[in-house]
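Q: Hey, I've never looked at this one before. Could you walk me through it?

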Amino acid sequence: MTDTTNGAPRTTPIQSATFSNPINAEIRRAAATGIYDIRGGGAKRKLPHFDDLLFLGASISRYPLEGYREKCDTSVTLGTRFAKNPIKLDIPITIAGMSFGALSGPAKEALGRGATLAGTSTTTGDGGMTSEERGHSNKLVYQYLPSRYGMNPDDLRRADAIEIVVGQGAKPGGGGMLLGQKISDRVAEMRNLPKGIDQRSACRHPDWTGPDDLEIKILELREITGWKVPIYIKVGGARPYFDTTLAVKAGADVVVLDGMQGGTAATQDVFIEHVGQPILACIREAVRALQDLGMHREVQLVVSGGIRTGADVAKAMALGADAVAIGTAALIALGDNDPKWESEYNALGTTAGAYDDWHEGRDPAGITTQDPELMQRFDPIEGGRRLNNYLRVMTLEAQTIARACGKSHLHNLEPEDLCAVTMEAAAMAKIPLAGTDWYPGKPNTSY
Amino acid sequence: MQILDMAEIELREMNATLHAQAEKTNQTAWEIVNPRGAHAIACGLDAPIEVTVKGSTGYYCAGMNKQATINIKGSAGPGVAENMMSGTVVIDGDASQYAGATGHGGLLVIKGNASSRCGISMKGIDIVVHGSIGHMSAFMAQSGNMVVCGDAGEALGDSLYEARLFVRGSVKSLGADCAEKEMRPEHLEILSDLLERAGADAKPEEFKRYGSARELYTFKIDNAY
């Protein structure tokens with residue numbers, strides 16, 4: 001490129017890495033509207049993740065199992081510490097809490113159907129328990145949230161487990177959000193709110209303020225339910241060692257740990273992208289807390305936040321988890337962000353795979369909406385079948401890896417089966433960098 | 001009168017006995033003695049029985065109550081009658097924090113004072129306090145009625161939805177989006193009924209009504225273009 005007046009070479013225009021086009025576009029959007037960006041989903045930034053770990057597989061010192069014949073068990077029992085009726089699941093992949101309100105009734109039904117077919121549990125959300133969800137879920141975990149929308153003792157006793165939600169990975173320290181477009185008559189009635197308002201859920205529980213109070217709250221819930229069902233405590237990936245320690249101290253049967261890749265129905269983008277830790281950095285710290293208390297495997301650990309494949313399941317379990325939970329992946333299995341709706345995504349100013357304005361209630365796939373016409377596009381029976389297929393594939397993938405490592409149960413996977421391919425992953429997961437016996441921060445090493 | 005002595009039986013046995021009372025039980029009158037500040041006393045009841053607690057209670061007494069009438073002959077710890085669905089809970093003494101939190105229905109009467117966050121996130125419950133209430137009461141209160149015969153502390157009704165708040169005395173300050181509102185005949189009627197049911201010696205005309213200014217109901221967006 002040359003100057004048109006004197007023919008001298010010109011400098012090439014360079015975009016700022018700091019003031020990039022997406023950053024500048026957001027500045028302009030903020031200046032035009034005066035409101036922060038609200039969206040659904042989890043962190044979109046690139047983070048150290050399970051992809052940065054590899055399994056070593058069998059060798060002379062490790063004896064593999066026959067891929068298609070030898071048994072590799074996948075069952076898991078959650079809530080063995082205090083509950084009379086722990087939850088027994090066929091597979092260690094559960095469905096995470098997602099609210100009726102954020103999701104349509106048929107979508108919640110499909111999650112129940114798919115989970116039941118696969119022999120696992122599903123979970124309510126911030127909107128209370130719907131009859132279609134209870135009816136189609138063989139194992140249903142009832143979330144006990146700060147908002148207490150729809151909370152009542154009858155549903156509490158109809159649940160197979162109670163999950164006290166302290167936080168979630170997408171927004172540790174933040175409450176829920178459901179904008180007016182999705183506050184339909186039914187949603188408004190279940191939440192006891194005026195129709196059409198922009199609803200903001202509380203970020204902390206109304207009647208307890210710390211771990212000592214929480215211990216008494218758990219006592220109350222156990223008394224109301226006759227000590228029958230397990231009580232989970234869900235925390236976002238903030239301070240996993242201390243949060244796990246305090247959850248166990250408060251009397252949890254199960255700790256659910258959600259990393260920052262975990263999705264949400266709607267919250268501020270700045271919250272999703274800038275608060276919390278990636279799940280890879282959280283698991284070993286939570287396991288260390290359980291081990292320090294002598295509670296590893298006594299109090300079960302369920303991890304979530306970016307679980308997509310059987311390899312992710314196997315890696316999470318090798319790091320010490322007892323089970324995992326999926327949310328965003330389950331929605332994609334149902335049909336969320338499917339390219340078959342590309343023209344409609346384009347009309348909304350986005351594209352398949354990037355659509356995250358779930359709060360607007362205009363989901364072309366009919367999943368994250370309360371619009372009657374859009375909801376009709378979604379078939380809960382077909383959705384349930386797809387989710388079941390996906391869960392089965394993930395299970396088969398995890399078994400494939402476990403057998404290759406010589407494990408007759410997914411729970412027998414261990415950190416020694418892994419290596420890391422990046423320094424960051426090595427440090428976060430406390431797994432040796434490939435080709436070495438070292439990770440950053442390893443005790444008794446000098447660097 | 002059936003007597004449950006907490007000096008002799010454990011909390012679990014006490015609650016299990018009360019939970020076992022069905023809709024048509026003949027044993028409708030119960031007395032709990034020696035509560036000694038225990039937590040979770042008489043929580044999760046679901047039968048039309050009358051329970052008198054002879055002493056003060058710890059956290060979450062009468063939590064999630066349905067149908068039952070529970071009378072505490074002492075003071076109550078935090079979260080008394082939390083998430084109550086129906087029935088009546090009467091406290092002769094004072095109540096600690098979060099009294100009636102998230103309650104969906106029924107009547108909670110506090111004959112003494114209530115501490116902070118009384119009626120937080122209430123969803124249909126009626127609360128009558130003969131004395132005064134502490135700060136941040138009725139925070140995010142969604143529906144139902146709160147009647148305060150004494151004074152209210154700071155930030156009354158912060159982020160209020162559609163609950164009605166009636167205060168006879170002074171209000172130290174109103175929370176965000178809480179405003180004084182006109183007292184119309186239907187409100188005087190509600191007040192009159194609640195004062196009578198709660199045995200409170202006050203006249204409806206002496207109260208002021210507070211409610212949501214509804215300014216926080218939707219995000220404000222500057223449509224500059």
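Q: Anything to know before we start?
A: It's a predicted model, where local features need pLDDT of at least 70, side-chain atom pairs count only at pLDDT 80 or more, and totals for chains, interfaces and linings use all residues. Residues are numbered from 1 along each chain as its sequence is written, while chains are lettered from A and ligands numbered from 1 in the order in which they are written.

Q: Okay, in what order do the 8 strands of the open sheet in chain A come?
A: The order is β5-β15-β14-β12-β11-β8-β7-β6, with parallel pairing. Strands (E, at least two residues) and helices (H or I, at least four) are DSSP runs, numbered from the N terminus. Two strands pair if DSSP finds at least two bridges between them.

Q: Which strands stand at the edges?
A: β5 (93–95) and β6 (121–123) of chain A; each has a single partner strand, so one side of each is left without a neighbour in the sheet. From one strand to the next, the twist averages 30°. Angles run from 0 to 180 degrees between N-to-C directions, and axes are lines fitted to C-alpha atoms, for helices over the stretch in contact.

Q: How many bridges join β11 to β12 in chain A?
A: There are 5, between residues 231–236 and residues 254–258. One pairing to look for is A:K234 with A:V256 in β12(A).

Q: What lies across β12 and β14 of chain A?
A: Helix α9 (residues 279–292) of chain A, running at about 175° to β14(A).

Q: Switching to α2 of chain A: is it largely enclosed or open?
A: Largely enclosed by the rest of the structure, because 11 of its 14 residues are buried. Buried means 20 or more other C-beta atoms lie within 10 Å of a residue's own, exposed means 12 or fewer, and partly exposed is in between; C-beta atoms are placed from the backbone. Among the buried ones in α2(A) are A:P106, A:L111 and A:A118.

Q: And what covers the buried residues of α2(A)?
A: The cover includes β5, β6, α3 (131–136), α11 (328–334), α13 (372–375) and α14 of chain A. Contact here means that C-beta atoms, placed from the backbone, lie within 7 Å. Just after α2(A), A:G119 takes a positive phi of about 80°.

Q: You mentioned α14. Where is A:Q399 found?
A: In α14 (residues 380–404) of chain A. A:Q399 is buried, with 24 other C-beta atoms within 10 Å. Leaving out residues up to four places away in sequence, A:Q399 touches A:C72 and A:T74.

Q: What about chain B? How many residues of chain A are in contact with it?
A: 23 residues of chain A are in contact with 38 residues of chain B. On the chain A side, α6(A) gives the most, with 5 residues.

Q: Last one: which residues have the most contacts inside the largest nonpolar core?
A: A:V324, B:A42 and B:V147, in a core of 192 residues. Such a core is a set of buried Ala, Val, Leu, Ile, Met, Phe, Trp, Tyr and Cys residues joined through C-beta atoms within 7 Å. The largest share of this core, 9 residues, comes from α9(A).

Notes. Two residues are in contact if their C-beta atoms, placed from the backbone, lie within 7 Å.
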